[in-house]
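Dear colleague,

I am handing over the structure below, together with some notes on what was found in it. Please look through it first, and then read on.

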Amino acid sequence: MKFNEVLKNLSTYEAGKPIELVVREYGIDPKEVVKLASNENPYGTSPKVVAKIESLVKNMYLYPDDSMFELKETLANKFDLESKNVIIGSGSDQILEFCIHAKCQKGSNVLMAKTTFAMYEIYAKQVDANIIKTESSQHNLKEFSDLYKKYGADIIFLCIPNNPLGECLDKNEVYEFLRTIDKDTLVVVDGAYQEYAAFKDENKRICPKDLINSFPNAIYLGTFSKAYALGGMRVGYGLAKEDIISTFYKIRAPFNITTLSLAAAIEALKDEEFVQDCIAKNFSEMKRYEEYAKQKGFEYIPSYTNFITILFKDFVSKTVSQKLLERGMIVRDLTGYGLNAIRVTIGSSEQNTKLFKLLDEVLEELK
Ligand SMILES: *Cc1c(COP(=O)(O)O)cnc(C)c1O
């Protein structure tokens with residue numbers, strides 16, 4: 001069958017491997033499998049959210065409130081904005097898709113860092129847009145500027161902090177850069193890990209209200225999948241000026257998140273203490289990874305997120321991650337991004353101890 005021509009050059013996004021796969025392929029007891037591959041919150045969902053969902057399970061025959069009134073209100077209050085500045089998506093991934101469909105068509109230019117969230121490129125290619133990438137892997141705004149002056153762009157994606165590398169731009173440099181951008185270019189600030197960055201360093205904190213008031217062509221994206229521990233519920237949001245949000249509504253399908261997801265997100269926002277506690281633990285556990293890397297002589301990228309990227313010289317990352325997988329430890333190999341590196345989600349203390357032990361074993365075997 002003939003399909004849309006643009007799909008020929010598109011590869012399928014490879015998500016982090018699920019626990020079920022390791023159980024099936026290597027016969028490992030599911031209780032023994034540790035997944036540190038998709039940057040989920042290792043402490044699980046807040047007990048308050050779990051209790052709320054349990055009480056609502058019987059409601060799943062009902063469509064959700066399509067206005068998403070309460071969630072939008074709660075988010076608007078949290079960020080000191082109005083409901084008309086908020087749109088909810090099935091993960092912030094869906095908002096990324098709205099951005100592309102609202103701004104791009106064949107021949108549009110989309111500017112991004114060389115090594116960044118893979119979905120930017122995939123969505124852009126779906127509409128046959130041109131992808132323009134910086135030469136440096138990590139975000140370098142000087143290179144962004146040069147490329148922008150040379151080619152212009154319909155959309156610029158800034159991943160702050162960046163997945164899969166973990167580095168993070170300063171708020172001030174982002175603002176300085178935004179001042180030079182034409183009002184007709186949509187600038188997407190993907191804040192999937194902003195909660196972590198803001199905790200670690202106040203200079204990295206981007207206030208969505210300040211951002212969109214200063215730059216009406218910017219949109220801020222947030223997600224409940226990482227710090228808020230709701231990856232399985234698929235809820236994300238976009239915050240922008242009303243003209244952007246109302247345009248996105250033309251693209252959105254009705255009921256784009258579930259009744260239970262909606263309730264979970266609202267409840268999660270009521271338990272900020274849980275979130276902050278998880279973030280604090282994240283950074284104290286991350287120190288163990290930094291120590292481990294130093295001790296082994298591995299280079300790592302200082303991270304403002306809940307994962308850390310470790311680069312190898314004498315080992316092949318693909319082999320290392322495969323051998324970890326066979327032992328029931330799932331990490332993310334970054335070979336597909338052109339890097340000899342692995343990205344490891346910072347787990348609970350126990351999970352991290354296990355990772356170090358298994359990695360020691362694997363490295364010893366590969367020596
Ligand atoms: C995880 C992630 C997202 C979106 O995740 P959803 O689960 O779709 O909300 C967006 N951007 C980056 C950089 C991410 O790492």
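Which residues point one way from β10, and which point the other way? Phe-307, Thr-309 and Leu-311 point one way, Ile-308 and Ile-310 point the other way, and all are buried, where buried means under 20% relative accessible area, exposed means over 50%, and partly exposed lies in between (1.4 Å probe, protein chains only). With five of its five residues buried, β10 is largely enclosed by the rest of the structure.

Before going further, please keep in mind that this is a predicted model, in which local features need pLDDT of at least 70 and side-chain atom pairs count only at pLDDT 80 or more, while totals for chains, interfaces and linings use all residues. Residues are numbered from 1 along each chain as its sequence is written, and side-chain values use heavy atoms, with hydrogens and water left out.

To begin with the whole protein, there are 14 helices and 13 strands, these being DSSP runs numbered from the N terminus (helices: H or I, at least four residues; strands: E, at least two). The radius of gyration, taken over C-alpha atoms, is to be set against a globule rule of 2.2 Å times the number of residues to the power 0.38; the protein has a value of 21 Å, close to the 21 Å that the rule gives for 367 residues, so it is as compact as a globular protein of that length. The C-alpha trace spans about 55 × 55 × 55 Å along its principal axes, and 54% of the 367 residues count as buried. If contact is taken to mean heavy atoms within 4.5 Å, then among contacts between residues at least 6 apart in sequence, 74% join residues at least 24 apart.

To return to β10, this strand belongs to an open sheet of four strands in the order β9-β10-β13-β12, with antiparallel pairing, where two strands pair if DSSP finds at least two bridges between them. The edge strands, each pairing on one side only, are β9 (299-301) and β12 (332-333). A hairpin of five residues joins β9 to β10, and three bridges link these two antiparallel strands, with Tyr-300 standing opposite Ile-310. On the pairing with β13 (residues 341-345), which is also antiparallel, β10 has five bridges, and here Ile-310 stands opposite Ile-342.

Among the helices, α5 (residues 118-126) has as its buried residues Met-119, Tyr-120, Glu-121, Ile-122, Tyr-123 and Ala-124. These buried residues pack against α4 (92-103) and against the strands β3 (109-112), β4 (130-133), β5 (155-159) and β6 (186-190). After α5 comes Asp-128, whose phi is positive, near 65°.

Leaving aside its neighbours within four places in sequence, Glu-267 is in contact with Lys-48, Val-49 and Lys-52.

With kind regards
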